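Please read this briefing alongside the sequence and the coordinates shown below. The points are grouped by topic.

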Amino acid sequence: MELFVQQLINGLTIGTIYALIALGYTMVYGIIQLINFAHGEVFMVGAYIGLTAITFFGFVSGSTLPMAMLYLAVMLLISMAGSGLLGIVIDQIAYRPIRNSPRLVALISAIGVSFVLQNAVMLIYGPQDQGVPQIVPDIHFIFGDVTITLMQIMILAVSLVLMVFLNFLVQHTQLGRAMRATSQDHKMARLVGINVNWIISLTFFIGSAMAAVGGVLFGLYYHTVNFHDGYLAGLKAFTAAVLGGIGNIPGAMVGGVLIGLAEGLGAGYISSEWKNVFAFVILVLILLFKPTGLFGERVADRA
Amino acid sequence: MLKLENVKAGYGSIEVLHGISLEVSEGEIVTVIGANGAGKTTTLSAISGLIPLRGGKIVTLGICQVPEGRRIFSRLTVHENLKLGAFRVRDKKKCAQTYETLLDFFPILRERLNQPAGLLSGGEQQMLAIARGLMSQPKMLLLDEPSLGLAPKLVASIFDYLVKINRSGMTILLVEQNARLALEVASRAYVIETGNILMKGPAQELLHSDKVKKAYLGE
């Protein structure tokens, strides 16, 4: 039982990070039907921007809790802004010029961007792991045999707040309505006066900023980042988006958490050596038996 | 209210409109009829600014296009569709007023406000498309094939609505393949063929002209 609860907590923690990344895949797919395979790299760049930001501001280990929270906030905001802009730039350079080409062309372009970003980061920071300082104090809450760290609580809290905010934005504001309208019909969206290109840029910004938050939290959780971290995390988050039903925002959130839980429980009960296998087994199963994903059911699109 | 002078437009290397001139004055229903591929939708696209002009000029004032095939946002609710119609309207109070007036005018939409628009029937979707257009508080409505894909009874009801909307002061430019119906409600009409205006005149006159009868009314 203790093992179960412990792995549930661990899985939930990493799952919310996957969920944050999955949002970008699903939002971009929703709006331009593109699988942005460079998105995992945006997550990784987000982690590096966060690391650079606290290095720049000269973080000293052992700060008080309020100070630590301030540092975390600064890290997150700078990383979100930087990665968000990176997302827009990627769209402008790599996708917009080929917007009307066959989808495979954009997919190849995405893989190219992915290589460019990985290698750029490797050239700038070097190929070795970069240590991420302990910003959030290393506090453990122990309940019997189950431990939950302050860092885990922070990850859950930050992710939850962002997802609630994003859901509100998309479902209940005029901007969100415009995003959903654009994802359905670009031409009609233009006819009602929506600036479609602007909405696409905004979508890239938000999706990339969410991934950046995931990247910063990921770095703080594992205390290290590497230029190829985006590859595996990106693929797992992509799996999460497919699991939830690509294009569906709540689906990406649920999908991410489920992938994290599968990984946590699989590592706990089967073998942690096989940790990375579980997500992709799920991907294969989903594609075989329910390619639309859990929430991919569409309301009738009558012409 | 709307004036096209010798408008030329097309897609890629193909010129579709070879110099269209037409005019709509305030309070009129003017219809443009013609066969498939004559250039009707292209004319509307040029007026709405969806495609660039290659010649001539267009003077418009507060137009709103209700496109062919309705193109409602099917996964959004009826309410959200209407709200998006007013995307560019900054005056919130007037927007709320228009919203209420339209729901009184189309009571069926009020009953289905929170349903996804894709669940509406074809006729209801056409009403929603028209109402969404009117939410932008245009001076003039451009309608592209409002009868498309609707049962004859529903078509009649949609056209009744159009006449009522016109009586309340809205200028309408109507593009239709259903020539008879369009000519019956319109005051003036243009016949368009392969990108040129072939005939124009009072709708009643065209309705009884032998040429129109033969080519478009199937008599």
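This is a predicted model: local features need pLDDT of at least 70, side-chain atom pairs count only at pLDDT 80 or more; totals for chains, interfaces and linings use all residues.

In chain B, six strands make up one open sheet with mixed pairing, and three strands make up another open sheet whose pairing is antiparallel. In chain A, the axes of helices α1(A) and α2(A) come within 10 Å, and 17 residues of chain A are in contact with 19 residues of chain B.

**The six-stranded sheet of chain B**

- The strands of this open sheet follow one another in the order β5-β6-β7-β3-β8-β9 (chain B), with a pairing that is mixed.
- At the edges stand β5 (63-66) and β9 (196-202) of chain B, each of which pairs on one side only.
- On average, and with direction ignored, neighbouring strands of this sheet are turned by 15° against each other.
- Within the sheet, strand β6 (residues 140-144) of chain B runs parallel to strand β7 (residues 171-176) of chain B, and five bridges join the two; in this pairing, Leu142(B) stands opposite Leu173(B) of β7(B).

**The three-stranded sheet of chain B**

- Here the order is β2-β1-β4 (chain B), and the pairing of this open sheet is antiparallel.
- Because β2 (14-24) and β4 (55-59) of chain B are the edge strands, each with a single partner strand, one side of each is left without a neighbour in the sheet.
- Neighbouring strands of this sheet are turned against each other by 30° on average, direction ignored.
- Four bridges connect strand β1 (residues 2-11) of chain B with β4(B) in the antiparallel sense, and Lys8(B) has Gly55(B) of β4(B) opposite.
- Helix α1 (residues 40-48) of chain B packs on this sheet, where it touches β1, β2 and β4 of chain B, and the direction of the helix makes about 70° with that of β2(B).

**The helix pair of chain A**

- The axes of α1(A) and α2(A), which come within 10 Å, cross at roughly 140°, and the two helices are therefore oblique to each other.
- The crossing in which α1(A) passes α2(A) is right-handed.
- To this contact α1(A) brings Ile21(A), Gly24(A) and Tyr25(A), while α2(A) brings His39(A), Val42(A) and Phe43(A).
- Sorted by class, the contact of α1(A) with α2(A) holds four nonpolar and two polar residues, and no charged residues.

**The contact between chains A and B**

- On the side of chain B, 19 residues are in contact with 17 residues of chain A, and α2(B) gives the most to that side, with four residues.
- By class, the side of chain B that touches chain A is made up of seven nonpolar, seven polar and five charged residues.

**Two residues with a positive phi**

- Most residues other than glycine have a negative phi.
- Gln33(A), which is not a glycine, has a positive phi of about 50°, and its place is in the loop between α1 (2-32) and α2 (39-56) of chain A.
- Gln33(A) is exposed, with 12 other C-beta atoms within 10 Å.
- Arg71(B), also a residue other than glycine, has a positive phi near 50°, and is found in the loop between β5 and α2 (78-85) of chain B.
- Arg71(B) counts as buried, because 20 C-beta neighbours lie inside 10 Å.

Notes. Residues are numbered from 1 along each chain as its sequence is written. Chains are lettered from A and ligands numbered from 1 in the order in which they are written. Two strands pair if DSSP finds at least two bridges between them. Axes are lines fitted to C-alpha atoms, for helices over the stretch in contact, and angles run from 0 to 180 degrees between N-to-C directions. Two residues are in contact if their C-beta atoms, placed from the backbone, lie within 7 Å. Ala, Val, Leu, Ile, Met, Phe, Trp, Tyr, Cys and Pro count as nonpolar, Asp, Glu, Lys and Arg as charged, and the others, Gly among them, as polar. Angles under 35 degrees count as roughly parallel, over 145 as roughly antiparallel, 65 to 115 as roughly perpendicular and the rest as oblique. A crossing is left-handed if the near helix is turned anticlockwise from the far one by less than a right angle, and right-handed if clockwise.
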